[in-house]
Structures are given as C-alpha cells and as structure tokens.
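Here are my notes on the side chains, in numbered points. Have the viewer open while you read.

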Amino acid sequence: MRTEADSARRGHRTAGDALRAPRIGVGLLSSAVLAYEVLLTRLFSIVLWHHFAYMVISLALLGYGASGSALTLCRGAVEKRFRVVFVGAAALFGVTSVGAFAVGQRLSFNPFELLWAPAQPARLLLLYAILAVPFFFAATAIGAALSVCRGGVSALYAADLCGAGAGSLVAIALLTVASPHRALALIGAGGVLAAVVAARELGRARAAPTVVLAAVALAVALAPASWIAPRPSQYKALSQALRVSGAEVVAERSGPLGLVTAVANHKIPFRQAPGMSLATAIEPPEQIALFTDGEGPTVVTRSDLREPLPEYLAYLTSAMPYAVLKPRSVLVLGAGGGSDVLQALRLGARGVDAVELNRHVVELVSGELAGFSGQLYGRRDVTISVAEARGFVAASSKRYDLIQVSLLDSFAVAGGGLYALHESYLYTVEAFELYLQHLTPGGGLAITRWLSLPPRDTLKLANTAIQALARCGLPAPARHLLVIRGWQTTTILVLARPATSDQIARLKTFCAERYFDLAYYPGIALAEANRFNVLDTPVYFEALQELTVSAHRREVFLQRYKFFVAPATDDRPYFFRFLGLRALPELFALRARGGMAMLEWGYLVLLGTLAQALLLSVALILLPLLALRRRAPERCDERRDGVTGAADALRPSCPTRGLRARSLGYFAALGAAFLSLEIAFMQKLILFLSHPLHATAVVLTGFLVFAGIGSACSRRWSGGHAVAMAAAGISALTAVYAFALPAAFSRLLALPEAGRIAVTFAVLAPLAFLMGIPFPKGLEALQRLRPALVPWAWGVNGCASVVTAAGSTLVAIHAGHRAVMLGAAILYGIAAALYPGRGQTSGGGA
C-alpha cells in the first residue's frame, strides 16, 4: 500500500508537470543577467579598479547560491505560488539591478584601507550584500522554474544557456552604442520585460499587472543619470587630476574597452615625461591627459607642424634605442596619445606604424584633439591602426628597424600591483620571438618600464628576452641585451644581432650626457654601474649579471630571488605577477616599514576572493542541507513500488542512499568544470581572434548557445548513459584541444577575421554541445528521486562557479591554462562517477 506522503508527492508532480514552463521568460531573464554581470564589471572598473571589481562582483554572484538555499527552505510555498514567485523575482531583478549599483557606489569603500581601517571591511560586506540582491532574485526565478516545471528541465536549461549566450552580445552591443550607466538602465528594464513575457507564458496574465510592470520597465529605463552614473573613487588618477585648479574635461568617449576621458588644464598644464633626465632644463610642452576608466594617463602633447618637434623627447630613457640604432622604420605598440610616435619622428624615423587597441583614443587624437596634437595621426609619415598589438604583428609581413612597446600603465597602478592578475600577451616568450622575427637584421626591440625596487619588471623582461633569443637559435643571448635606468624608468633593448663596439660606445655617450645609469651591456664592469642615480647597492647590475652569466647561475638566482621573475609564456601570460608566496609573510610583517608598497594587491585580491567564496559557499550549501536532514532523514522512502518498512533490508541497493553527497559532488564538479573551460578558452582565443573583446563575445556566445542546444537534445537520451558518454567526449576533446590548439591556431592566423571566428565556433561546437548534457540529466534524476534537492543542487552549482572563478585563475597563474583545461576534464570524469541516478533503472528519457 502507498503512504499519504507518496500520494502528496504524486499530486505535486502532476501539478508541476501540468504547469507550462516559461521558456521565453527564462531566456530573456538569463540574457539580462549575463549582460548585467558583464556591465557591472565595466561599471566598477570605472568606480574602483578592475581587480577589486572582480572580487566584489564574484562574491555578489553568490546570490545564486543564496537563492538555492532559499528555494530549498521554502519549497512548498514556491510550488504553490510559482507564477507569483517567478514574475515577481524577475521584476525585482530588473529594479534592483539598477538600484543596487546606485546604492553600492555611494558606500565610500576604499579597498586600499582594508588592512588598517576598521570601517572598510564592514563596508565591503555591505557592498557584497547589496550587489548580491539582483543576482538572488534572478537565480530565484530561474531556479524555481527548474524545480517546479518538471518534465521540461532540458528545455528550460537550454533556454537559460541560449539566453545567457545572447546576453554577452547584448552587453557588448549596448556598451558600443550607449554610455555604461544608460546600458545599465536598459538592462534593468529588460529584466522587468522578462517578467511581463513570463506572466503571459504562465497564463492568467491580467491587464492591470501587465500595465504596471510595463510602467516599471519604462521608469527603470529612464532612470536619471545623476542616480546611476559611475562616480570614480577619489583615489583614482582622474579624480586627483580634476581636483587641481583649472582642470576640465574637454572630451569623453565610452565603449566596451573603457571610458576614455580627456582632461586639459591651461592654468596648471599636464607635463608628463616619464623618467626625463635630471641633466636637462627643457620643459615639455602643454599636454592633454587621456584617462581610461579613470586611470593612466596617456598624454597628447601640443605640437605644431610649422615648428620643430619637442626636444625633451631626446632626454627620456626610451630615447636610448634611437641613439644606438638610428632607426628609420619604427613600429609603436600601444600608441595611446602619441608620445612614442612623436618621439620616433623627433629622433629621425622616416616612417612610423602605430598600433592602438582602443579606437576611442585614436578618434579623440584624430578628431577633437587633432589641432592640439598637430594632426599627429594624420601625417603622411605616420600610419595608425586600431588593432590588438600582437595580432597586428602576426598578420604583418613588414620588418622594422625598431619595435617599441609603450609605457602605458601609470606608476601608481604598476607600483600597487593592480596588474598582477592582468593577462598580457605582449610580454611572453612567444611574443618576443614574434617581434624578433619582424626586425631587420640590424634592428631591435625596446621596452620601457617603471623603475621598481627591488628590481622586478626589468629582470623579467631580460629573462624573457634571453629565453626568446635562445629559442630563435642564437648561441649567446646575453650579447644581444642593453639595459639602462634613470631615476624613474628603465629601458631594455633586445638586438637582432650581438651588440657591436660602436653601439656600446653610443650607449655610453647617451647615458653620460643625460646622467642615466648603465645597468647591463656585454662586458660591463661594476665601476660603470650605479654612478648617477645612486642606489645603496648596485642591485640592477648584480641581478642582471646573475641572469646573463650562465644558465646554471640564472636558475639558481630565480630559485633564490624573493620575487617571481621567471618569463611569462602564452600558457601563463601573467607578466605582472611578481609576488612569490614565500615572500608574502615577510612583506606583510614589514607592512609598517614599507612592505605594503611591495605587496601586489591584484594577487592578494585573488586570494581573498577565493577564501571568502569558499567560506560563504560552505555556509550556503550546509544551511539547507541541515534543514533537509531535520525534515526528512535520508532513507529509502521514495520508491517507485511504494514498499515500506522491513522491505528496505531485502533491497539489494537503495537509490537514495548517499544521494546528498553524490549530488553535492556531481553539481559542484559540473559548475567548476564548465566555468574552468570557459575561462581557459577565453584566454586561449585572445591571441587567435586578435582582440580581447572578440574573444569574450565569441567564447561566451559559442559555449552557452551550443551547450543550450546540447541540453535541448539531451531529453531524448537516458540519464546515466548520456552523462557517461558526454563526460567521456568532453574529457577526450579537452585533452586534445589542450595540446593541439595552440599550434593549430598559429597556422590559421593568416585567415581573415570572419574565417577565424568560424573556426572558433567549429572548435567550440562539439565540446559545448556535450557540456550541455550532464546538468539537466542530473536535475531530472533528482526530480525522480528527491525533488527537494533540486533547488539545493542549483545553489551548489552556482557556488562552485563562483569559487572556480578565483580558483581557476590561481591555477592558471601557477600552472598555466593547459592545467586548468586538463583539471576540468578530470572533473567531468568525477561528475560522471557521481551521477545522482546511478544504480537506478529507468527508461526512455530518464
């Protein structure tokens, strides 16, 4: 005989199966959520700094985990009033997405005071809570649909994924045509409209509530700019510049790559000349500063075609390559406001090719500021290209006498270690090999960096150059290096041929006339170093000697040095990561005596994000689990045959025994593996697609849409078999891609952009299709065995994704993106072994 509980459960299932799934509403809501996530990162990059924005938004996404807990604890009420819950939660997402940002940026949170100002940790926690609210509402709506609308999990999950894939394109499109704050309002309105559509899908949509929701959507879309326009931190470079008397914003452009703000000050002009020699009294002309997301700046220097070009440009350390090489053809990577282009022309270059990633910077210099810059980017001897620097070089057949990588980051940001998590393919061993291949026989590669003590940037550049030269088959790489330093900057020149005695003589003369210090040239003596800008010890000379004497000495030095100065590679493109874990306790102990200046905030933010995400995720996962344990102990009382009591002892296996543990492992592994592959492919494809924006759009759209198609098709196959086959296919493809794709992509770089995008989709399609199968099959198994665990599993998956965002980045920094991919392959294998429906017999679509 069957119990009353069984009858009640059958009643719930019947109701759930009869309820129409709001697929279009889920798709629209998911699209708005992903667009909001992308946009929020952009907004908080303006308000704070990129990596603090990453931490705040990553932890706010734990709203997904919180929604799983709430749905688990309130499952009965949600099932009874599902229509109200879904429509209300979707509408609240739209409203709170705008409100949360408006309130959050007014908290006066300063991340640099976290370690000593008691109020800042409290403000940080409050910021997490505020920003988690819209994600909580969106996840509640989608999670409720997956829990209540039984029989349609695969289709609903497909709508969720395809909608999210479209959302990535929506965010980029909005950022292209609208300001960030107006894009925010439109995305919020989109969330409310998703509620309107869902209300119609679910039936019984009355005219009055629909009109009210439409009015709310309109009000959100028209939110005043004074409420939601981003307010940069008072500690950002732009805020500091605008506080100077006479400063004014003269132009502004916004796009997906950043908010570019041009600031002029005719009363107290900008005069930026990084590392200019103390031996000259020449004053730079008036300049206009270009800030991107409130940081930088790069400068546009006043110039006149009828007058000689500014003389101060010959007194920077970056002028050294021109004195040594006398180049005629120059390639400037990262042209910015044009200072390096101007320098090349001033020092004798006959033709300059300049590359700048952000088209808004080029438009400002060529447009509103063209008269001020002397039509710099319109000159016949200057060719400006809007492109990703390394992609431009790879696609070019030209050779240059000098390739110059510009100094674009600010001293404050570089010194604070905020770029520690920034992936840069400009400074990898493979990139240096590419640059060397595009030099004329007597050419050189020049890079200028900020001076750091103890030495870091320059040592890593020298080490990278040595590795690249060796890989090019040159027998004595150290003979190709020249390094100098001033009081603020260092410049390294990597020569295509060993340095000649004439070049070394010109180097010495250049430094002596400008009071710059020789740091390295082949055969340098200790007495020649540390003469003008005197340090307590000649640390640059000593460190460069260790790197260049022999391979053995170099390896010993790298192991003993307290900072990480091993070369960056395409698999580990984190050039700006210098902090070694073994040095962290010592630097923290010295924080009151200057150690704080050497702590890399970007790396610390990553560790802090991971620790906080783990703690909060454990709490969000365990809380509903404990409640479920009290309500219904795990036992075999949910069986298809309804047999109870002593029959348990006669059954060879119990499909629900250990179900919670298996479900935890299964959905956590899926969440971690899916996001790991997304992140790894986004990084891998930046090089192939030659643009970070294109890589983000193509990877997110490809992964999510093809995974959605896989989910929609998965309902035709039985659960356990489908999951096992999908996991095996994912693991095999991932392993092949991890080793084969870099070489394959390098051979296809010559394809036009449309061809490379098509190749990318062809590569992603089979992998993503298979990745869309395991999650809905796991939910279907839970709906048969233990429906109460469905919303909890949704929350577990969300928490695992948040933890993985930080964890996979940490793995990539230390082991590389290939290790992240292989780890994801292993996780899919683990998930297949933990499939919740394992040991259960089912037919058809089970």
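1. First, the ring rule: rings of Phe, Tyr and Trp (its six-membered ring) pair if their centres lie within 6.5 Å, and planes under 30 degrees apart count as stacked, over 60 as edge-to-face and the rest as tilted. Ring pairs join Tyr64, Tyr157, Tyr666, Phe667, Phe775, Trp794 and Tyr835 into one cluster.

2. Some ground rules before going on. This is a predicted model, where local features need pLDDT of at least 70, side-chain atom pairs count only at pLDDT 80 or more, and totals for chains, interfaces and linings use all residues. Residues are numbered from 1 along each chain as its sequence is written, and side-chain values use heavy atoms, with hydrogens and water left out.

3. How many aromatic pairs does a search of the whole structure find? The search gives 26. One of them is Phe575 with Phe576: the ring centres are 5.1 Å apart and the planes are at 90°, so this pair is edge-to-face. Phe575 is buried at 0% relative accessibility, and Phe576 is buried at 9% (buried means under 20% relative accessible area, exposed over 50%, partly exposed in between, with a 1.4 Å probe and protein chains only).

4. Phe667 belongs to helix α26 (residues 659-689) and Phe775 to helix α30 (residues 774-785), so the pair ties together parts 108 residues apart in sequence. Helices here are DSSP runs (H or I, at least four residues), numbered from the N terminus. Phe667 is buried, with 0% relative accessibility, and Phe775 is buried too, at 3%.

5. Have a look at two arginines as well. The charged end of Arg456 sits over the ring of Phe563, 4.9 Å from its centre, while that of Arg577 sits over the ring of Phe564 at 4.2 Å from the centre. The test for this is NZ of Lys or CZ of Arg within 6 Å of the ring centre and within 35 degrees of the ring normal.

6. Now the cysteines. Counting a disulfide as a pair of cysteine sulfur atoms within 2.5 Å, the total comes to zero. Are Cys74 and Cys162 buried or partly exposed? Cys74 is partly exposed, with a relative accessible area of 40%, and Cys162 is partly exposed at 29%.

7. Last, a residue in another helix: Leu626 is found in α24 (residues 601-631). Leu626 counts as partly exposed, at 49% relative accessibility.

How values were computed:
Helix = DSSP H or I, 4+ residues; strand = E, 2+ residues; numbered from the N terminus.
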